[in-house]
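Here is a short briefing on side-chain contacts. Please look over the structure first, then read the points below.

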Amino acid sequence: MTGTANSARSSHRSPDLRALALAVLQPGFVGLTPPDWVLRELDLGLGGLALFARNIDTLSQVADLSAAVHAAHPRALITIDEEAGDVTRLEHSTGSSWPGNLALGVVDDVALTESVAREIGMMLNSVGVDLNYAPVADVNNNPANPVIGVRSFGADPALVARHTAAWVRGLQSAGVLACAKHFPGHGDTATDSHLDLPEVTVEGLELVALEPFRAAIAAGTASIMSAHIVVRGLDDGPATLSHRILVDLLRTQLGFQGMVLSDGMEMGGITGSMSLADGCVRAVAAGVDSLCIGGGLAGEETVLEVADALVAAVHDGHLDESRLAQAAQHVTLAADERARLRQAAAGEVAAASSGASHNAAGVEAARRAIVVHGPRRTIEMDEPPTVIELGAPSNIAVGDETLTGIATAVAGRWPGTRTTVVISERELVDALPTADGHTLWVSVRDPHRHGWMAPALATLLAARPDAVVIDTGWPGWTAPAGTTDVVTHGAARVTAEQVVHLLVGEKPQPRPGFHE
């Protein structure tokens with residue numbers, strides 16, 4: 001649609017309603033600078049923007065992008081998904097400088113978790129990011145979970161609760177708004193809500209899933225993100241569209257007063273059964289304050305479609321104007337809270353950007369989370385290993401753009417060293433001769449969830465019992481006796497670097513300054 005046609009459509013909207021509708025949107029866009037349409041909608045009241053890997057080259061470029069957005073609309077919320085560990089946007093080209101939640105849960109040092117979150121917040125604050133879609137507060141008590149896994153602090157509700165609270169405190173102490181997700185709990189599922197609509201029961205929810213969200217609220221989290229899951233016993237539709245879950249449970253029973261965000265509205269858990277526009281209207285009516293859209297839909301047309309739908313819903317009585325105004329007010333209050341936190345953290349952010357190590361806590365956490373079963377096998381520092389990776393598909397939350405895992409660290413330590421990725425037992429058998437006469441490292445991830453991997457590992461270890469297995473996923477596979485099994489509890493770059501240091505007997509070194 002042309003810009004003239006877009007303008008014609010806009011001219012028929014109520015200016016006040018249009019501003020309210022725009023205020024509750026957090027779209028994405030394509031490019032390293034804000035397109036003209038983004039600046040235009042910001043000027044008209046667009047409430048925020050979500051950054052993805054496609055928007056990020058260097059930290060200085062992101063800082064310039066943020067400055068342009070805030071110049072167009074000072075209270076717009078710039079948001080990002082920077083969980084650390086497997087999920088990073090700012091460091092998608094290198095892998096994260098910080099381990100993810102499972103590593104922190106394994107270490108179980110609440111002060112260290114808070115320090116890691118503060119370091120991440122310092123980096124985000126330094127480039128103008130206002131809100132981070134973190135921490136994940138899900139209790140991963142289903143080992144078959146395809147989308148949470150190592151993004152969770154663990155399977156114990158009390159442990160997840162104390163580390164969720166610490167992550168919230170650490171991030172917000174650095175001047176960045178936290179967002180506990182995915183309410184009311186996405187841990188006990190075997191379905192990825194990016195693709196379909198998972199279901200859980202109210203019994204497990206009450207006994208397990210809600211404790212970390214209570215802890216996040218007590219710690220002062222500025223926002224909570226809904227999950228596209230059905231909770232049988234509470235509602236028959238997705239939690240994102242449920243007044244019972246977002247208002248009766250979250251606001252009335254748990255007492256949350258901050259901003260409620262949706263998970264990505266174009267995800268299959270919503271659009272598998274309705275249009276994007278209908279889902280957005282129903283979400284706001286149910287209690288969502290800010291709609292996350294734009295992971296896959298990243299143009300002005302999507303913004304106009306959803307804004308039109310919200311305005312039309314008010315006109316035809318499907319959405320109360322007072323509810324839309326309330327949602328917009330929660331967005332405004334979040335922007336005010338961000339300004340308050342930013343001012344309180346200004347001195348610490350300046351000190352963190354001055355050249356001192358930016359991820360000392362991250363290095364310590366990654367190192368302490370590594371568990372080695374079986375004999376220790378080290379190699380000479382100048383002898384690169386042969387590396388074979390048993391490849392598993394990446395979930396959408398991680399993104400195909402993000403480099404993680406042992407291959408990146410090995411190539412960094414021994415430039416030119418390549419990793420052979422295999423996706424079947426047959427390919428593994430064919431690749432084994434390349435390791436003859438060399439130290440062999442084998443990187444695996446969730447072999448308990450991928451039927452071919454465990455037999456493939458058995459074949460490999462029968463041929464090469466001296467191989468070092470490096471397991472970067474959710475623990476669930478038991479190595480044979482005598483195997484060197486390095487369990488990392490995540491695939492962040494910093495974690496993989498610590499594995500290399502460990503296996504060559506080097507002392508780990510934090511990286512100086514913010515990483516560009």
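Which residue does Asp-109 meet in a salt bridge? The partner is Arg-368, with N to O at 3.2 Å. The model is a predicted one. By the rule for charged pairs, the count comes to 24 salt bridges. For ring pairs, the count comes to 2 aromatic pairs.

**Aromatic pairs**

- A pair of aromatic rings is described by two things: the distance of the centres and the angle of the planes.
- Phe-183 and Phe-213 have ring centres 5.1 Å apart and planes at 90°. An angle over 60 degrees counts as edge-to-face, so this pair is edge-to-face.
- Phe-183 sits in strand S5 (residues 179-183), while Phe-213 sits in helix H8 (residues 202-218). The pair therefore ties together parts that are 30 residues apart in sequence.
- Phe-183 is buried, at 0% relative accessibility. Phe-213 is buried at 0% as well.
- Trp-414 and Trp-441 are edge-to-face because their planes stand at 65°, with the ring centres 6.1 Å apart.
- Trp-414 lies in the loop between helix H15 (406-413) and strand S13 (419-422). Trp-441 belongs to strand S14 (residues 440-444).
- Trp-414 has a relative accessible area of 7% and is buried. Trp-441 is buried at 1%.

**Salt bridges around Arg-368**

- Arg-368 bridges to Asp-109 at 3.2 Å. Asp-109 is in the loop between helix H5 (101-107) and helix H6 (110-126), and Arg-368 is in helix H14 (residues 360-369), so the bridge ties together parts that are 259 residues apart in sequence.
- Arg-368 also forms a salt bridge with Glu-364, where the closest N and O atoms are 2.9 Å apart.
- Glu-364 and Arg-368 are 4 residues apart in helix H14, which means about one helical turn separates them.
- Are these residues buried, partly exposed or exposed? Asp-109 is partly exposed at 24%. Arg-368 is partly exposed at 33%. Glu-364 is partly exposed at 31%.

**Other salt bridges**

- Arg-232 pairs with Asp-236, and their closest N and O atoms are 3.1 Å apart.
- Arg-232 is partly exposed, with 34% relative accessibility. Asp-236 counts as exposed, because its relative accessibility is 63% and the cut-off for exposed is over 50%.
- A network of salt bridges links Asp-81, Glu-83, Arg-89, Arg-151 and Lys-181.

Technical notes. Residues numbered from 1 in each chain as written. Predicted model: local features only at pLDDT ≥ 70, side-chain atom pairs only at ≥ 80, totals over all residues. Heavy atoms only, no water. Phe/Tyr/Trp six-rings, centres within 6.5 Å; stacked < 30°, edge-to-face > 60°. Helix = DSSP H or I, 4+ residues; strand = E, 2+ residues; numbered from the N terminus. Buried < 20%, exposed > 50% of the residue type's maximum accessible area, 1.4 Å probe, protein only. Salt bridge = Lys/Arg side-chain N within 4 Å of Asp/Glu carboxyl O.
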